[in-house]
Amino acid sequence: MLETALKEKKYRGEFIKPGRHYLEGSEACVEGALLAGLKVYAGYPITPASEIMEHASRRLPQFGGRFIQMEDEISAASTLVGASWAGAKAMTATSSPGFSLMQEVISFSIMTETPLVIVDVQRPGPGQGYITTSQEDVMQARYGHHGEGPLIALSPCSVQDMFELTIEAFNLSEKWRSPVLLMTEETVAHMREQLVVPELDTIEIVGRKKPQEMGITPENYLPYGHEIVPPMANFGEGYNINHVSLVHCEDGGVGNYSLKAHRENIERLHRKIEGNVNEIARVESHFLEDCEHVLICYGSVARTGLEAVKEVREVHGIKMGFIRLVTLWPFPEEKLRNLISTVKTVFVPEMNLGMMKHPITEALRDKCEQVVAMPEIAALHSPEKLVEQILEGTAC
Amino acid sequence: MLKHPMLEYIKEEGPSGMRFPHILCPGCGAGQVLNYTLHAVDDLIKEGGAKKENFVFISGVGCSSRLTSHYLKFDSGWTLHGRSLPFATGALLANPDLKIIIFTGDGDAAAIGGNHFIHAFRRNMDVTILCVNNGLYGMTGGQVAPTTLPFANTPTTPYGNIEDPFDLCKLAEAAGASYISRWITAQPMQIIKAVKKGIANKGASFIEVLSQCPVHEHETPVESMNALKEITVPVKKAEGSGKIPVGELHYRPRPSWTERYESVIEKANEALS
């Protein structure tokens, strides 16, 4: 219905124009989402994520989409699932305490293979914690929900990323029928800097695979079958789809409830995401050709991290490489291993006490002499401090 | 063999195997509520006013929520405990033409889902809610619910229930539901009519059906249903009776959330002209 109306130009909303803009990360996120096809936004206010919600409330109805402020984060996330089942691309944004509340729905949407996008503008915890910046939810993103549930989590480091990775988040969620988390930080969401928008027709937009396009009739339709990423019928299309989060067979039936059925289900969910990690996950790297040490980071820490690496190379002559995890989950273990032959020290600066240090250490267990955590709580690392720590860590 | 007419809308089996027999206990009232609801939907489809593919059934978790699990030849979502209303809200935001029917229980709606319950009514979301109220948590073993009568002994109130119950219809009215009625499972024709009215109402319709749970009440289904007849009275004769009124309790149509949101879309677009 919305699609038809849009084609009829009933709505006057216009996408962000190609060219240079000076924008806040939160606004870039919403503008990217609109281009990706956002139709439903449901949220609950929380500092420092409310700007995304406010911008969505203003922009979405211009395109005939619908925005709602729900009664809590649980219902906000639940609303996305219902919207996605009815065919809409849907998103919410929250911050860490609200992200905790959404874990129930994240687990549910993994099992029901529902495409949706959740933005977590991380702030320090535990509890109400503080309202500055943080990367303390990166483990919660993967392991906060109950059950063996793989999902996709991205880590933007700039306003440009807030735009591009939001579009990528929608594309990945539709392609893999999976919830996708944009694990951003207060620093990035509130950052104002240049955004360069390309010609709009060069931006790739992905939609979910439909049974209709595959010649599958309602009688033969298996909502959790056919392919590793099952085609998804929307509500209202006559496919009589039964969405189920209990152990289910390919047809969504729970009658043949069995250990075997459950294991097959979980095995496919894992194969779908973890088995395609090299297609899904991205890393960026610099200065790896000659490196004796490497600094691995993600999010806004990649900004100061890259500055520090350049400085120790140029000023102090240390052969330091740089890797940025664009994707946190599924963890790009193989890509990381292929990038590095052997190094002496791996430095991992994070705005937590050393969380991604664990999968990094596991991935590079036989490729380095030591892994050094560089923790910072509730604030950005300064490049000076990183340089100092690198000099100390490479001195011996 | 003569088949039940409502089997037209039921998946007795799917490509991956049998779905029947269903999970409900013998004598359970939830099956009656499904039967009456399907009759109402069947009437609406055959009268030509509604398309079958636009009906969506959504439920949470619990005995009555199982009605939506995998038995229906309709689009459906069997969702999180207490959260059927936010899921329905999302579906309506994406497609306001959907006709959403929610099966919920008293624990699902009024305990874990209490917050969503009142807010969906406040917004007058266009849903028809059938709350199968058996006054206890059936699926988990008969524990006390927010609707259990005082002094009742249950597995979690071995010394008697010290709490007072919610009146779900009064709660729904105070929160803003635009159509409200209450029945017992022994009133099929009234419930079919109520469901049709609820679906026709563009807004939040709340239909409470007091139901028997013979297993946890340790009675025969007939004894349980007779007990429901004993404690209830038609709304016109309710005053001074000390009994629970049944019948249509409230009908005040007002624009639904999605209808009102049209003005938001209009204003957002006017500002751009």
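Strand S3(B) puts B:Phe55, B:Phe57 and B:Ser59 on one face and B:Val56 and B:Ile58 on the other, and all are buried (20 or more other C-beta atoms within 10 Å of a residue's own count as buried, 12 or fewer as exposed, anything in between as partly exposed, with C-beta atoms placed from the backbone). This is a predicted model, in which local features need pLDDT of at least 70 and side-chain atom pairs count only at pLDDT 80 or more, while totals for chains, interfaces and linings use all residues. Residues are numbered from 1 along each chain as its sequence is written, and chains are lettered from A and ligands numbered from 1 in the order in which they are written. Helices (H or I, at least four residues) and strands (E, at least two) are DSSP runs, numbered from the N terminus.

**The sheet that spans both chains**

- S3(B) covers residues 55-59, and five of its five residues are buried.
- On one side, S3(B) runs parallel to S5(B), residues 99-105, over five bridges; here B:Ser59 has B:Phe103 as its bridge partner. Strands count as paired if DSSP finds at least two bridges between them.
- Four bridges also join S3(B) to S4(B), again in parallel, and B:Phe57 is partnered there by B:Ser76.
- These strands belong to an open sheet of nine, in the order S9(A)-S4(B)-S3(B)-S5(B)-S6(B)-S8(B)-S7(B)-S10(B)-S9(B), with mixed pairing.
- Its edge strands are S9 of chain A and S9 of chain B (232-234), each of which pairs on one side only.
- Where do the two chains meet in this sheet? S9(A) and S4(B), residues 75-78, are joined by two bridges and run parallel, with A:His243 opposite B:Gly77.
- Further along, S6(B) (residues 127-133) and S8(B) (residues 205-210) run parallel and share six bridges; B:Asn133 has B:Leu210 as its bridge partner.
- Helix H6 of chain B, residues 188-200, packs on the sheet and touches S5, S6, S7 (179-184) and S8 of chain B, making about 165 degrees with the direction of S7(B). Angles run from 0 to 180 degrees between N-to-C directions, and axes are lines fitted to C-alpha atoms, for helices over the stretch in contact.

**The contact between chains A and B**

- Chain A brings 49 residues to the contact and chain B brings 42 residues (two residues are in contact if their C-beta atoms, placed from the backbone, lie within 7 Å).
- On the chain A side, two or more residues come from each of S2 (38-43), S3 (66-69), H4 (73-85), H6 (103-111) and S9 (242-243).
- H4(A) gives the largest share of that side, nine residues.
- By class, the side of chain A that touches chain B has 23 nonpolar, 17 polar and nine charged residues. Ala, Val, Leu, Ile, Met, Phe, Trp, Tyr, Cys and Pro count as nonpolar, Asp, Glu, Lys and Arg as charged, and the others, Gly among them, as polar.

**The seven-stranded sheet of chain A**

- Chain A has an open, mixed sheet of seven strands in the order S3-S2-S4-S5-S7-S6-S13.
- S3 and S13 (327-329) of chain A stand at the edges with a single partner strand each, so one side of each has no neighbour in the sheet.
- Neighbouring strands of this sheet are turned by 20 degrees against each other on average, direction ignored.
- S5(A), residues 116-122, is joined to S7(A) by seven bridges, and the two run parallel; A:Ile118 is the bridge partner of A:Leu181.
- Helix H8(A) lies across S4 (89-95), S5, S6 and S7 of chain A, at about 160 degrees to S7(A).

**Helices H2(A) and H8(A)**

- H2(A) (residues 25-36) packs against H8(A) (residues 159-176) at an angle of about 35 degrees, with axes 7 Å apart.
- The residues that meet include A:Ala28 and A:Leu35 in H2(A) and A:Phe163 and A:Ile167 in H8(A).
- This contact has ten nonpolar, four polar and two charged residues.

**Domains of chain A**

- Chain A is assigned domain 1 (2-202), domain 2 (212-277) and domain 3 (285-395), with bounds from an automatic or database domain assignment.
- The C-alpha centres of domains 1 and 3 of chain A lie 28 Å apart, and 22 residues of domain 1 are in contact with 21 residues of domain 3.
- H7(A) gives the most to the domain 1 side of this contact, with four residues.
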